[in-house]
Amino acid sequence: MKLFNTLTRKKEVFTPLDGSTARIYTCGPTVYGTPSIGNMRAYIFTDILKKSLEYIGFDINDIINTTDVGHLQSDADEGEDKIEVAARKANLDPMQIAKQYTDEFLRDCAKLNIRHPKILAPASKYVPQMIEHVSGLEKKGFTYQISDGVYFDASLFPKYYELSGKKEQKGDKAGARIKMGEKKNQNDFALWKITKPTALQKWDSPWGVGCPGWHIECSAIARHHFGDTFDIHTGGIDHIPIHHTNEIAQTQALTNKPVAQFWIHNEFVKVDGKKMSKSLGNVYTIPQLEEMGFNPLAYRYFALGTHYRTIINFTFEALKGAQTGYDNLVRELVRHKTSLINALIAIDFDEYRKRFHDAISDDLNTPRALALVWELVKNGPNKEIYDLIIEFDSVLSLSLEEAINKEIAKSNVKIPSLVTKIANARMDAKKAKDFKTADKLREEIKTLGYEIIDTKDGYEITKI
């Protein structure tokens, strides 16, 4: 298995530190709002990573954290805590907000076949570990305290830019034009913030009543469960310059050991070629896609069609194409599963299995893996083709077997002659461009317990 390591900027062969179990830490959501389709791409990617590693023979031990405290509105350690802002707006307790949006995140994960991690770690449960970590940094001389909290002195960590690959800038030091308040250096970041008396979330600490900074949670959680060094750390590319850079600094300054062997990052999702943002009104969620009639797994299929390190340009036309592609794949596989006699074609199934292995082992090349599936499925009907693709679906996780069985069950339903008669009358009305009558007849079919689906060749009828 070769994976692109952001830290070294090249593909490297991956082997777990213990030789058998890949320990993977994934930066989870800040649970103050409904996750977007852009957010969910990161977890589709990490799900594929884990299932690919399992497919080639490794075990998995994984953590996803949820940030329910400490993530301020600005990465510059300014503004209010995002959870508290949402709590005040909804007139709820912060933990109620956190639970609501954690539940929404897990709901979307289930709809996208993203497996639940072995450890789901809410940041608020690890405050003692965070305080212990900050105290350790303080003893080693990496911190200083100012009026609003305890900060990490980034100038004391020589490898600060190792992950991002940037070079030290003139503006990194105090005295630059950037407003830094009492901070010594621009890159210094909060480890512990002193809170106002009105704060909804606060804990006692050696430095005063407050709450942890955002970055410290991942270091504390990962070290608590995995020790000083683990195998893979994942996240979006937006985490590279600040969050993951700070995480490396505060952990390695304490332990003098690498945080992780591999740092792996997924690219953004754009919408119609533009950045996804609330101000542009182009932020979409999985429930919204469902309301529009899309299967959530069509979005997973869409995401797998682009390599995780490439920007995805989301359009509804592209999603419609993915939905069609997914539905067509299911129909083709029905043909293979239900074939009574295998077509007389020479297929080297071991070679196809090797090619699939090679695709996912080449830095998770899911577009190539999907192309291979389509290459296989276009052959004449063969039950062994069906069996092999279902094996591949242990990685792709498109619920193909379930979808195929539903499709077969639909085709076995006997449609009453009355329903067929009404459906034919509706088709005649459509041809005559009498769409009002056609819609009325569609509703009539629904009242009888059936649904009519238009196709390019006419229509299909399924039982509701």
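Two strands pair if DSSP finds at least two bridges between them, and strands here are DSSP runs of E with at least two residues, while helices are runs of H or I with at least four, numbered from the N terminus. Keep that in mind as you open the viewer.

**Before you start**

This is a predicted model, where local features need pLDDT of at least 70, side-chain atom pairs count only at pLDDT 80 or more, and totals for chains, interfaces and linings use all residues. Residues are numbered from 1 along each chain as its sequence is written, and side-chain values use heavy atoms, with hydrogens and water left out.

**Stop 1: the whole protein**

Show everything as a cartoon. The protein has 15 helices and 18 strands, and its C-alpha atoms fill a box of roughly 80 × 55 × 35 Å along the principal axes. Of the 464 residues, 51% are buried (under 20% relative accessible area; exposed is over 50% and partly exposed lies in between, using a 1.4 Å probe and protein chains only).

**Stop 2: strands 12 and 13**

Select residues 230-236 and then 260-266. These are strand 12 and strand 13, and they pair in the parallel sense over six bridges. Look for Thr234, which stands opposite Ile264 in strand 13. Is strand 12 mostly covered or mostly open? Seven of its seven residues are buried. In strand 13, six of the seven residues are buried, so this strand is largely enclosed by the rest of the structure.

Strand 3 and strand 12 pair in the parallel sense over three bridges.

Next, bring in helix 6, residues 240-255. Strand 12, helix 6 and strand 13 make a right-handed β-α-β unit (with the strands pointing away from the viewer, the path from the first strand over the helix to the second runs clockwise).

**Stop 3: aromatic rings**

Rings of Phe, Tyr and Trp (its six-membered ring) pair if their centres lie within 6.5 Å; planes under 30 degrees apart count as stacked, over 60 as edge-to-face and the rest as tilted. How many aromatic pairs does a search of the whole structure find? It finds 21. Select Phe14 and Phe262, an edge-to-face pair with 5.5 Å centre to centre and 80° between the planes.

**Stop 4: helix 4**

Select residues 127-139. At 1.5 Å a residue, the 13 residues of helix 4 should span 18 Å, and its end C-alpha atoms are 18 Å apart, which agrees (the expected span is 1.5 Å times one less than the number of residues). Its buried residues include Val127, Met130, Ile131 and Val134. Among the elements covering them are strand 10, strand 11 and helix 5. Just after helix 4, Gly141 takes a positive phi of about 85°.

**Stop 5: Ser205**

Finish in the loop between strand 10 and strand 11, where Ser205 lies. Ser205 is buried, with a relative accessible area of 18%. Not counting residues up to four places away in sequence, Ser205 touches Ile131 and Trp192 (contact means heavy atoms within 4.5 Å).
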